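Subject: Structure handover

Hello,

Here is the structure I promised to pass on. Please open it next to this email and follow along.

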Amino acid sequence: MSNRNDFPEGFLWGAATASFQIEGATTEGGRGPSIWDTFAKTPGKVLGGDTGDPADDHYHRYADDVALMSQLNLGAYRFSIAWPRIIPEGTGAVNQEGIDFYDRLVDTLLAAGIQPWATLYHWDLPQPLEDAGGWPHRDTAYRFRDYAQVVADALGDRVSNWMTVNEPWCSAFLGYQNGHHAPGHKDDAAALAAAHHLLLGHGLATEAIRSTGRPARVGLAHNQAVIRPHGPSAADARAARRADGVRNRIFTDPLLKGRYPADVIEDLAHISDFSFLVDGDLEITSAPMDFLGINYYTPEFVAASAKGLDPALVSGEGGAWLGAEPEEVHVSQGLPVTHMGWEIDPTGMYDVIMRLAGESGGIDLYVTENGCAFEDTVTEDGEVNDTERIAYYEGHLRAAKEAVEAGAPLRGYFAWSLLDNFEWAWGYSRRFGLVHVDYETQKRTVKDSGHWYAELAKTGSFPQR
Ligand code: FCB
């Protein structure tokens, strides 16, 4: 047996969650309502009418959950802070009880030797800010800065790794363009303004965190899409270029290059004149990041038209993404899928890491989310035999290892997710955890994948199976 581990010394092993998905206790501790409370209570928006309660009741059970993390040998825990717990109205008065909760969580993590990695915005915008215009409204970015300042002042003595925003694409486009997520609007121009203000908010929050003068590393968690043309035609390549523009470069260019891509501005000219862009904004959005978080689940294949394709492979209608031409579609490759219907393709993981390694100028990269939903059940012996999830993790982590060996500055990996939780519009029907949660009793059961991951985290090498 060789002594060399599969992953380098110091590679960080973590797991991720988000406040609204696990905390529950949505009306306790002085928390104000968020857009996800409102959305979930709107009939027809979330499968089964599920809401943010009880979730995993993590608000009360956080100490047990940190003990579980220790059992899984985690070196780091990525969690998000609920803005409506800290500033219930979105602006103005600070709720000390909210700060106290995260204080306790952070102290418990540190006592267990687990690094806290905090995300400031994982989609739970205070409802009063949405009522005032939400992310399409420029002021929201400044309110986000104020909130970031409060949190950095309170926790910055113990938290040194920060992610400002989680997946700005989802917030802007699922929230304001196709309405699948809160607040459920369908307004193309508003979605573009929201995307810009999320980036602006990211830059302003970065300044706020750094203004504390404490040692802090700041980044964001970006769900860069792996867009591939379905076929070799020039038309499919063009569709892929357009989809990549509005899905990826509209975020990475302002973040990494301080500009919007000219082709994207042109592609979207019929939707927006980009007048939301104010002089000086791009200096703020492109403040150098200390690291970039990558969230990856599945690749996306696109075609210029559904004509001549097997209809079983065409998903959805033409005009499949913002700014798409009327015939452009998403196509599946007929690969095995997870319970989300997402195709399993670890080569996408390799590609996304290598691409961002090339584009981000050598800053540290972390996979801040990667994982899969399957229909888990607890056996009579109290086990969850989720072999498909182990295979998913192993495949994707082997791709990550290849990327490291090819020179990518990938420094760590966070599994999505620590616990089964509220999977947004799918409610509690989709289970992503390394740990199974019985929502009736709140009993936690470490799945086989959790045991597998614990061994990997301990040794830095793939467990023998
Ligand atoms: C990502 C979200 C995360 C989780 C996973 C499955 O888009 O950031 O909260 O829902 O998908």
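Where is Pro183 found? Pro183 sits in the loop between helix H8 (168–176) and helix H9 (188–211). Keep in mind throughout that this is a predicted model.

Peptide bonds and backbone

Pro183 is worth a look for its peptide bond. The bond that joins Ala182 and Pro183 is cis, with omega about 5°. A cis bond also joins Trp416 and Ser417. There, omega is about 15°. Ser417 lies in the loop between strand E12 (410–416) and strand E13 (435–437).

Trp424 belongs to the loop between E12 and E13 too. Its phi is near 50°, a positive value in a residue other than glycine. The relative accessible area of Trp424 is 3%, so Trp424 is buried.

Ala25 also has a phi near 50°, again positive and again not in a glycine. Look for Ala25 in the loop between helix H1 (19–22) and helix H2 (35–40). Ala25 has a relative accessible area of 7%, so this residue is buried.

The chain as a whole

The protein chain has 15 helices and 14 strands. What radius of gyration would a compact globule with 465 residues have? The value would be near 23 Å, and the protein chain has 21 Å, which agrees. Along its principal axes, the C-alpha trace spans about 55 × 55 × 45 Å.

Of the 465 residues, 60% count as buried. The chain exposes about 17300 Å², and carbon and sulfur atoms supply 50% of that area. Residues 24 or more positions apart account for 75% of them.

Met340 is in the loop between strand E10 (329–331) and H13. Is Met340 buried or exposed? Met340 counts as buried, because its relative accessibility is 10% and the cut-off for buried is under 20%. Leave aside residues up to four places away in sequence, and Met340 touches Ala373, Glu423, Trp426, Arg430 and Phe432. Met340 and Phe432 are 92 residues apart in sequence. Their C-alpha atoms are 9.9 Å apart in space.

Ala373 lies in the loop between strand E11 (364–369) and H14. Its relative accessibility is 0%, so Ala373 counts as buried. Which residues does Ala373 contact, beyond its neighbours within four places in sequence? They are Thr338, His339, Met340, Arg389, Arg430, Arg431 and Phe432. Ala373 and Glu423 are 50 residues apart along the chain, with 9.6 Å between their C-alpha atoms.

For another pair, go to Arg104 in helix H5 (residues 96–111). Arg104 is partly exposed, with a relative accessible area of 36%. Arg104 and Tyr428 are 324 residues apart along the chain. Their C-alpha atoms are separated by 27 Å.

Helix packing at H13

Two packed helices are described by the angle between their axes and the distance between the axes. Start with H13 and helix H14 (residues 387–405). Their axes come within 8 Å and cross at roughly 30°. H13 passes H14 in a right-handed crossing. On the H13 side, the contact is made by Met349, Tyr350, Ile353 and Met354. On the H14 side, His396, Ala399, Ala400, Glu402 and Ala403 take part. By class, this contact has 7 nonpolar, 1 polar and 1 charged residues.

Next, helix H10 (residues 234–257) and helix H13 (residues 347–359). How do their axes cross, and within what distance do they come? The axes come within 12 Å and cross at roughly 35°. H10 passes H13 in a right-handed crossing. Asp244, Asn248, Arg249, Thr252 and Leu256 in H10 meet Arg355, Leu356 and Glu359 in H13. These residues divide into 2 nonpolar, 2 polar and 4 charged.

To recap the two H13 contacts: the one with H14 has 7 nonpolar residues, while the one with H10 has 4 charged residues.

Best wishes

Conventions. Residues are numbered from 1 along each chain as its sequence is written. This is a predicted model: local features need pLDDT of at least 70, side-chain atom pairs count only at pLDDT 80 or more; totals for chains, interfaces and linings use all residues. Side-chain values use heavy atoms; hydrogens and water are left out. Axes are lines fitted to C-alpha atoms, for helices over the stretch in contact, and angles run from 0 to 180 degrees between N-to-C directions. Helices (H or I, at least four residues) and strands (E, at least two) are DSSP runs, numbered from the N terminus. A crossing is left-handed if the near helix is turned anticlockwise from the far one by less than a right angle, and right-handed if clockwise. Contact means heavy atoms within 4.5 Å. Ala, Val, Leu, Ile, Met, Phe, Trp, Tyr, Cys and Pro count as nonpolar, Asp, Glu, Lys and Arg as charged, and the others, Gly among them, as polar. The radius of gyration is taken over C-alpha atoms; the globule rule is 2.2 Å times the number of residues to the power 0.38. Buried means under 20% relative accessible area, exposed over 50%, partly exposed in between (1.4 Å probe, protein chains only). Accessible areas come from the Shrake-Rupley method with a 1.4 Å probe; for residues, only the protein chains shown count as cover.
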